[in-house]
Amino acid sequence: MSWTRPLLLTCLVVLSVITLFHGADSAAVSDKKAANPQGALRKVFMPEADASFFKRRGKRAVKTQDEINAEQRQRLAADERRREYHEEQRNEFESYAEEEHDEQDERTREKTEQWREFHYDGLDPSYEYNRHTV
């Protein structure tokens, strides 16, 4: 339990530092922007006429053409992202499969070469594997 006393002391120091500097002004926030919020509010809020598409409507109400167009654009964008993702996955798998195939071909070729060297009897073509059996 020797670690409890340093831990308690550290927490006490951190707490006192936080309370001491709590009232200090920070350099990141200036009071000039807080004094004139109209510029920022103009960017956030829009006229009611422009915000008509945010209004709630009943389930059976007909969608406006703008809403239909916006939904169609979202669907098309999602389809495009999905198509690109699947194309990328397919390309990655094709390159992986091609590398695996090339490595397997190389291993097979090396094994065949070793087998031929081991079984070579000095004759070309090899007598052992070309003779006719009776």
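Author: A residue is called buried when its relative accessible area is under 20%, exposed when it is over 50%, and partly exposed in between, with a 1.4 Å probe and protein chains only.

The model is predicted, so local features need pLDDT of at least 70 and side-chain atom pairs count only at pLDDT 80 or more, while totals for chains, interfaces and linings use all residues. Residues are numbered from 1 along each chain as its sequence is written, and side-chain values use heavy atoms, without hydrogens and water.

Helices are DSSP runs of H or I with at least four residues, numbered from the N terminus.

Next come the salt bridges. A salt bridge here is a side-chain nitrogen of Lys or Arg within 4 Å of a carboxyl oxygen of Asp or Glu. By this rule there are seven. Side chains of opposite charge can pair when their charged atoms come close.

Glu 71 pairs with Arg 75, with 3.8 Å between the closest N and O atoms. The two are four residues apart in α4, which means that about one helical turn separates them. An α-helix has 3.6 residues a turn, so residues three or four places apart point the same way. Glu 71 is partly exposed at 27%, and Arg 75 is partly exposed at 46%. Together with Lys 63, Glu 71 and Arg 75 form a network of salt bridges.

Further along, Arg 107 forms a salt bridge with Glu 103, the closest N and O atoms being 4.0 Å apart. Arg 107 and Glu 103 are also four residues apart in α4, about one helical turn. Arg 107 has 37% relative accessibility and Glu 103 has 39%.

Arg 109 meets Glu 113 at 2.5 Å, N to O. This pair too is four residues apart in α4 and about one turn apart. Arg 109 is partly exposed at 40%, as is Glu 113 at 39%.
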